[in-house]
Amino acid sequence: MTMEVEGGEGQGKTMLCLLTDPDGNPLGTPVNFPLNTEPQHLQQIVNQLRQNEERLPYAFYIADKELVESLGKFAEKNKISVEKVLHIVYQPQAVFRIRPVHRCSATIAGHTEAVLSVAFSPDGQQLASGSGDTTVRLWDLNTQTPLFTCTGHKNWVLVIAWSPDGKYLVSGSKAGELQCWDPRTGKPSGNPLIGHKKWITGISWEPVHLSALCRRFVSAGKDGDARIWDVTLRKSVICLSGHTLAVTCVKWGGDGFIYTGSQDCTIKVWETTQGKLIRELKGHGHWVNSLTLSTEYVLRTGAFDHTGKQYSSPEEMKQAALERYNKMKGDSPERLVSGSDDFTMFLWEPFLKKQPKTRMTGHQQPINHVCFSPDGQWIASASFDRSVKLWNGTTGKFVAAFRGHVGPVYQISWSADSRLLVSGSKDSTLKVWDIKARALKLDLPGHADEVFAVDWSPDGQKVASGGKDRVLKLWMG
């Protein structure tokens, strides 16, 4: 089959191409495209072949390089033979676009010690922070002022996490207790949850598409255990024991399994009805510091998307969340990435096999944070080596290094459309990176000291950051 494109150079000459999705599944059979075929022509072809009712935007990649010109020019520049079948990967893009944040719209004082964690609610309408001053604070995003100060912890608040329906906020402290809060009042929902013997390192909620009423979450502890809690019963219902050292990170996956990463160098996979260990993922030579799931963004935001739609019942919310999850996941299995003190990352497909799909090397220092983009197409990693690196979310292949920070990079967060990434560093700056251009988009100085925590709101409108200087900063587009 041969396609025709009107006019331009390279008319008449063709090359045999095969369009595939990011997982390598072909879209039809190889086709002869004229050398003057450009991305907009390929967009039309993919929309036709996929029989999309509404025309969707796509980006095209050849050997991990984006096609931004005609096939002929690309082949010439990259010395690609026109004799072989050329594999072109099409990747769907977000239909909405997030503006990059470029100014600090508010610097809000309130905490009396370092801000250790910041998190927007799933709908992006509320913001919470946890601090070394033992409080959790909720902030009014309209007036950009403190709303509630939540007191009750005995030590530093290390971790906070919103339930995916936005009804609860849970915080974990250095003393090992957890507290559930009602974000509408700033009051505790019951007594502190006691069980961990050492400090809390991570919290993850059961996805709303698995349970309409968000009742269960899992916590990870320095004591080597992870615990499943029920906020209605107000107690620990299952203890996941088996790690021989501290559990450093935890994720509750969309298929209903829990993943824990530990200083014992392993990742364990648990089922959640009885807390049975069902798989162990081994390969790292040092502590596992961070885990990320390819579906993480839809799990965090549940039924809420960029349109701001509200829901009248938990069941309606569950159904909408399930549709979003299935659409994002597609036919491929949920993927997991781990980042370690051994300077490496692994890409896993835990339900296909216990061996990693790829080992990802390139960082020169321990990896602090790994994070899949909302669309699952990219993985970003932040390291003590002062760089942020970008990797292909399907294959794990290295794509680009973002350099510019002059201190360790602590945390990263994606914009909802997967086109931008923000990083916070010990060097006191935030930096916004442009994924398409593979370059620094904006430098955001303003903090007086190390930036420990950063989050991009799910509605895309704002970024929040906090750190050693005790203030919360809001950045707008």
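User: Hi! Quick one on Phe343: how exposed is phenylalanine 343?
Analyst: Hello! In this predicted model, phenylalanine 343 has 33% relative accessibility and counts as partly exposed, because that class sits between the 20% and 50% cut-offs.

User: Thanks. Where is phenylalanine 343 found?
Analyst: You'll find phenylalanine 343 in the loop between strand E24 (336-340) and strand E25 (345-348).

User: And what about phi of phenylalanine 343?
Analyst: Phi of phenylalanine 343 is near 75°, which is a positive value in a residue other than glycine. For background, most residues other than glycine have a negative phi.

User: Which residue has a positive phi of about 55° although it is not a glycine?
Analyst: That would be glutamine 51. Glutamine 51 lies in the loop between helix H1 (39-49) and strand E3 (58-62).

User: Is glutamine 51 buried or exposed?
Analyst: Glutamine 51 is exposed, with a relative accessible area of 69%, so it falls over the 50% cut-off.

User: Let's switch to aromatics. How many aromatic pairs does a search of the whole structure find?
Analyst: The search finds 11 aromatic pairs. One of them joins phenylalanine 346 and tryptophan 348, with 5.3 Å centre to centre and 50° between the planes.

User: Why is that pair of phenylalanine 346 and tryptophan 348 called tilted?
Analyst: The planes are 50° apart, and the pair is tilted because stacked needs under 30 degrees and edge-to-face needs over 60.

User: Nice. Which residues do ring pairs link into a cluster?
Analyst: Tyr168, Trp205 and Phe217 are linked into a cluster by ring pairs.

User: Now tryptophan 156. Where is it found?
Analyst: Tryptophan 156 is in the loop between strand E10 (145-150) and strand E11 (157-162). At 41% relative accessibility, tryptophan 156 counts as partly exposed.

User: What does tryptophan 156 touch, leaving out residues up to four places away in sequence?
Analyst: Tryptophan 156 touches Leu116, Ser131, Gly132, Thr134, Gly172, Ser173 and Lys174.

User: Tell me about serine 131 then. Where is it found, and is it buried or exposed?
Analyst: Serine 131 is found in strand E8 (residues 127-131). Serine 131 counts as buried, at 0% relative accessibility. Not counting residues up to four places away in sequence, its contacts include His111, Glu113 and Leu116, along with Trp156.

User: How far is tryptophan 156 from alanine 416?
Analyst: Their C-alpha atoms are separated by 30 Å, and the two residues are 260 residues apart along the chain.

User: Zooming out, how many helices and strands are in the protein chain?
Analyst: The protein chain has four helices and 37 strands. Its radius of gyration is 23 Å, close to the 23 Å from the globule rule for 477 residues, so the chain is as compact as a globular protein of that length.

User: What does the C-alpha trace span along its principal axes?
Analyst: About 75 × 50 × 45 Å.

User: How much of the protein chain is buried?
Analyst: Buried residues make up 58% of the 477 residues. The accessible surface of the protein chain comes to about 20000 Å², and 49% of that belongs to carbon and sulfur atoms.

User: Last one: how many positive and negative side chains does the protein chain have?
Analyst: There are 55 positive and 49 negative side chains, and the centres of the two sets lie 4 Å apart.

How values were computed:
Residues are numbered from 1 along each chain as its sequence is written. This is a predicted model: local features need pLDDT of at least 70, side-chain atom pairs count only at pLDDT 80 or more; totals for chains, interfaces and linings use all residues. Side-chain values use heavy atoms; hydrogens and water are left out. Helices (H or I, at least four residues) and strands (E, at least two) are DSSP runs, numbered from the N terminus. Buried means under 20% relative accessible area, exposed over 50%, partly exposed in between (1.4 Å probe, protein chains only). Contact means heavy atoms within 4.5 Å. The radius of gyration is taken over C-alpha atoms; the globule rule is 2.2 Å times the number of residues to the power 0.38. Accessible areas come from the Shrake-Rupley method with a 1.4 Å probe; for residues, only the protein chains shown count as cover. Lys and Arg count as positive and Asp and Glu as negative; His and the chain ends are not counted. The place of a charge is taken as NZ of Lys, CZ of Arg, CG of Asp or CD of Glu. Rings of Phe, Tyr and Trp (its six-membered ring) pair if their centres lie within 6.5 Å; planes under 30 degrees apart count as stacked, over 60 as edge-to-face and the rest as tilted.
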